[in-house]
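Below are some notes on the voids and on one helix pair. Please read them beside the coordinates.

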Amino acid sequence: MADLPLIVFDVNETLLDLETMEPTFARIFGDKDAMRLWFANFILYSSALTVAGCYVPFTDIGAAVMKMLADTKGIRIDERDKKELTERFSTMPPHPEVPAALRKLRDAGFRLFTLTDNLLEVQTRQLTHGGIVDLFERRFSADGVKHHKPSREAYGYVERELGAKPSQFCLIACHTWDTLGAVAAGWEAALIRRVGNDVLGVGPQPQIVGDDLNDVADQLIARHGRSADRPTAS
């Protein structure tokens, strides 16, 4: 049997419930859709800065996009708002099925990692608060290579750190821009269709598509075979 792929997870929205930030955005902007507009612009400008060769830490981009959107509507974001937003982002809970699905993958012999645009200390706080930090063998941040996903450099950074070839990896994410980058880099990819996310009909396609992480985990185990004689990751 071929070795099982190394599973690398996106964090925000893929594992953690971004929807829990909506009430704060609705209060500040008076619009229930404000959070989605902010997040879409967040990804747009992190990608634009990366393509332009200008690295800016992810949290700084998020704050700048927030101010930009507020300025377009004549809204002032005060220190209380900033503190609440930071706290909400750092303490988003996992989606309900995530802890059990992660354990299912690990019990099947898969080694689990993360790769996020967040600073390492931010994702560590997020995953610790969510009670799932110990399920990952290592955690990676795009800050380590100063290139945000979906740039090839972000995925290559993980390859070098783990001493593995692109074909040995599988990315799990709920964002098509992320799976697109991974497949283009030679990785396998699985897309979770979280609310507001789905397959893009052009470009490199994920090999697996599922409705939640449990669905994706079952498909991965079926695709690669259960490895009963492999030791699970400690």
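1. The largest pocket has a volume of about 470 Å³. A pocket is an open set of points on a 1 Å grid over the protein atoms alone, with protein on both sides within 12 Å along at least five of seven lines, and lining residues have an atom within 4 Å of a point. Volume is the space filled by probe spheres set on the points, which are joined across faces, edges and corners.

2. This is a predicted model; local features need pLDDT of at least 70 and side-chain atom pairs pLDDT 80 or more, whereas totals for chains, interfaces and linings use all residues. Numbering runs from 1 along each chain as its sequence is written, and side-chain values use heavy atoms, without hydrogens and water.

3. The pocket lining comprises 22 residues, with Thr59, Gly62, Ala63, Leu85 and Thr86 nearest the centre. Helix α3 (58–72) is among the helices that each supply at least two lining residues, and α3 gives the most, eight. Helices are DSSP runs (H or I, at least four residues), numbered from the N terminus.

4. One cavity of 30 Å³ or more is present; a cavity is a set of points where a 1.4 Å probe fits but cannot get out. The largest cavity has a volume of about 70 Å³, and its lining includes Asp10, Phe58, Lys149 and Trp177.

5. Leu85, close to the pocket centre, is also one of the α4 residues that meet α1. Contact means heavy atoms within 4.5 Å.
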